[in-house]
Amino acid sequence: MTWCSSGTGLRTLLICVLTLCCVPAGGSDRWVVQEQRGSLLMYSEFEVDTERITAELSEVDSELAETTGIRATEGRVEIVLFASRQSYLQYLSASVPQAAARRAIFLKNGEISQIYAYNSRSLVVDLRHEMTHVRVHQHMPYAPLWLDEGLAEYFEEEEAARPRSSRREAVRWKARVGISPTLSTLERIPSAESMGAEEYRNSWAWVCFLINDSAGSRQLLQGYVRQIHRGEAPGKFSEYAAAENSGLLSRANSYFRKMTFPLTFVSSEE
Ligand SMILES: [Zn+2]
């Protein structure tokens, strides 16, 4: 098993596992559901609404592509679902001890991406979160941690749920008393293990700003993603943004005071 981090100074959350020997055991009667839809394979220990899961995940794919330019590849994605946390831990704890601290985990083995999760009320949210990581790492050779987690936190919620997100009130309230999330602080986070609730929320808030402030902020995010996708090294996002659109980042604080989620932008808006 290998942990990956990029050699460029920008770290990825990605955990690479070279071999997870018994996953998922083909032909085993362990799996009540074994289903393939295109490049997506689902294995489950319990009856699960694969129709709904597929619909939710394709919604993530289309929204990600539209807002950020991140696109799914043909690479195989295996989703392995366990009936309980206990079963999930039994299956993964020896080979992936990091799974113990999470409700779900994403692993990458070459072109194959795997998502492991267990049955809970937040299963769909967990799968949307992990699928966002899958798509980010299929599309980009590396991703800054705050961006990777911020996107996953953003797309884990369905569009209609975002304005009601409890995180929204927390960010707005703090911004109104002068405490806004700072990008430079997020860019210094050394590893996923050092991220707590505040770091996740602040990463989410920055992604909300970039996707929703204006057509200009969205284009800036898309440009950054495109450069990394092409194998270029645009450096830290804060530096890239300052060079591309010097005034844009100064708008973040006023966005954090409102945290709106417009569906479209008027074409004349920056
Ligand atoms: Zn994540």
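Figure 1. The axes of helix H1 (residues 50-68) and helix H3 (residues 123-139) come within 10 Å and cross at roughly 40°, where axes are lines fitted to C-alpha atoms, for helices over the stretch in contact, and angles run from 0 to 180 degrees between N-to-C directions. H1 passes H3 in a right-handed crossing (a crossing is right-handed if the near helix is turned clockwise from the far one by less than a right angle, and left-handed if anticlockwise). On the H1 side the residues that meet H3 are Ile53, Glu56, Leu57, Val60, Asp61 and Leu64, and their partners in H3 are Val124, Leu127, Arg128, Met131, Thr132 and Arg135; two residues are in contact if their C-beta atoms, placed from the backbone, lie within 7 Å. Helices (H or I, at least four residues) and strands (E, at least two) are DSSP runs, numbered from the N terminus. Residues are numbered from 1 along each chain as its sequence is written. Because the model is predicted, local features need pLDDT of at least 70 and side-chain atom pairs count only at pLDDT 80 or more, while totals for chains, interfaces and linings use all residues.

Figure 2. Leaving aside neighbours within four places in sequence, Phe155 is in contact with Val60, Glu63, Leu64, Arg128 and Thr132. The C-alpha atoms of Phe155 and His129 are separated by 6.4 Å, although these residues are 26 residues apart along the chain. Glu158 and Val124 are 34 residues apart in sequence, and their C-alpha atoms are 9.8 Å apart in space.

**Figure 3. Helices H4 and H7 pack at an angle of about 80°.** The axes of H4 and H7 are 7 Å apart at this angle, and that makes H4 roughly perpendicular to H7. The contact is made by Trp146, Glu149, Gly150, Leu151, Glu153 and Tyr154 of H4, together with Tyr200, Ser203, Trp204, Trp206, Val207, Cys208 and Ile211 of H7. Ala205 also lies in helix H7 and counts as buried, with 27 C-beta neighbours inside 10 Å. Not counting residues up to four places away in sequence, Ala205 touches Val171, Pro181 and Phe256. From C-alpha to C-alpha, Ala205 and Tyr154 are 8.5 Å apart in space and 51 residues apart in sequence.

**Figure 4. The largest nonpolar core of the model has 61 residues.** A nonpolar core is a set of buried Ala, Val, Leu, Ile, Met, Phe, Trp, Tyr and Cys residues joined through C-beta atoms within 7 Å. The residues with the most contacts inside this core are Ile115, Tyr116, Val207, Cys208, Phe209 and Phe256. Helix H7 (residues 197-212) supplies the largest share of the core, 8 residues. The core draws at least three residues from each of domain 1 (2-139) and domain 2 (145-258), with domain bounds that come from an automatic or database domain assignment. Leaving aside neighbours within four places in sequence, Cys208 is in contact with Tyr154 and Met259.

**Figure 5. Met259 is a buried residue in the segment after helix H10 (252-258).** There are 20 other C-beta atoms within 10 Å of Met259. Most residues other than glycine have a negative phi. Phi of Met259, by contrast, is near 50°, a positive value in a residue other than glycine.

Note on methods: Buried ≥ 20, exposed ≤ 12 C-beta atoms within 10 Å, placed from the backbone. Parallel < 35°, antiparallel > 145°, perpendicular 65-115°, else oblique.
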